[in-house]
Amino acid sequence: MGNDDGKHGHGHDHDHDHDHGHGHDRGHRHGQDPDFDWEAMALRLEGDATMVLPIVDDIVQSLSAQVEWATATHLLDLGCGPGIVTCALARHAPVAHVTALDSSVPLLARVRHHAAEAHLATRVHTVEADIETALPALRPMDVVWAGMVLHHLADPGEVLAGLLHALQPGGTLVMLEFAGAPAALPDDDPLAVDGTWARLEAATTAARNERLGLDPVTVDWAALLTGAGFTGITDTTMVAHHRAPLEATAREWLERHVRSGIEFVGDALSAADVAALTALAHQVSTRNDLFVSMERRVLTARRPIRGGDWEPPAE
Ligand SMILES: C[S@@+](CC[C@H](N)C(=O)[O-])C[C@H]1O[C@@H](n2cnc3c(N)ncnc32)[C@H](O)[C@@H]1O
């Protein structure tokens, strides 16, 4: 987990469930930190994104009446992180050019690596930019995808207003945000019955909210979208359910989730809880009754077809 010193590290302000750092630092400020462990961060973000891919598939499917995935030409993955979702989007839109935008140079290198491995390098293009400073000039987008990024921003409403104009009229914005905590234990598991798991997740949520300086679950994202000029807003909670017995990737995610929880919020838990969770982490590779259920809040919205200031791009 890098060079951190427990819960009082130096600003791991990405959104892995157990990341931590200075509160109220929503941006992405590791550029000057030579010790920051990008590799570990990338692995955590890749694990989270991989577990959430069923939700990505469900969103794409649910938008099939309003997005022509087969013929879409330009997609923007805003705050793309290591590019797991970027590559999934490129597969769903087989002729589209996908712009993967992030402020993290090391994460953009991971995007290029994954895109090359998936034979998507000709269609996935990385752009380094801080969206709080300025959105670079891009071709009008069919879809802008903003996964787990808007809660990092000091003024998400202002960025959303900019994103409206990154879309072509009628284009679609997709937002993924935090919803409920993940679940993994059968109801009759002792750690579920005695509340150990719930205490782990409550401590994790509290640490996340402190780090972000807000509770992203309570933000009225739909109102922000309306205020930015979007229309046709949908707001739902979607679940990625990985059934027992878990396959290897989900087992790895769950073990890492429990271990990083102990590392990052263990101080907020009792010694008995930490011991029970440590035992659970040991059991994840062999138990066949564990599952993983991950929730995301999903909002979709469109740029109105009329009334915008869109002009066709110069050829
Ligand atoms: C939790 S990660 C989400 C990654 C990816 N969208 C996913 O869902 O797997 C948030 C990403 O937003 C990026 N980010 C945060 N603030 C940003 C900013 N102001 N400009 C550009 N990218 C930013 C971070 O570098 C990070 O890669």
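I count angles under 35 degrees as roughly parallel, over 145 as roughly antiparallel, 65 to 115 as roughly perpendicular and the rest as oblique.

I am working with a predicted model, where local features need pLDDT of at least 70, side-chain atom pairs count only at pLDDT 80 or more, and totals for chains, interfaces and linings use all residues. Residues are numbered from 1 along each chain as its sequence is written, and side-chain values use heavy atoms, without hydrogens and water.

**Helix pair.** I looked up α1 (residues 38-62) and α2 (residues 84-92); they pack at about 30°, with axes 9 Å apart. α1 and α2 are therefore roughly parallel. I noted their crossing as right-handed. For contact I took heavy atoms within 4.5 Å. On the α1 side I found Glu 46, Ala 49, Thr 50, Leu 53, Val 56, Asp 57 and Val 60; on the α2 side, Ile 84, Val 85, Ala 88, Leu 89 and His 92. These contact residues divide into eight nonpolar, two polar and two charged.

**Met 175.** I placed Met 175 in strand β5 (residues 167-178). Met 175 has 0% relative accessibility, so I count this residue as buried (under 20% relative accessible area; exposed is over 50%, partly exposed in between, with a 1.4 Å probe and protein chains only). Beyond four places in sequence, its contacts include Trp 221, Leu 225 and Val 298.

**Cores.** I defined a nonpolar core as buried Ala, Val, Leu, Ile, Met, Phe, Trp, Tyr and Cys residues joined through side-chain atoms within 4.5 Å. The largest has 58 residues, and Ile 59, Leu 75 and Leu 254 touch the most other members. α1 gives the most to this core, eight residues.

Methods. Axes fitted to C-alpha atoms, helices over the stretch in contact; angles between N-to-C directions. Helix = DSSP H or I, 4+ residues; strand = E, 2+ residues; numbered from the N terminus. Left-handed = near helix turned anticlockwise from the far one by under 90°. Nonpolar A, V, L, I, M, F, W, Y, C, P; charged D, E, K, R; others polar.
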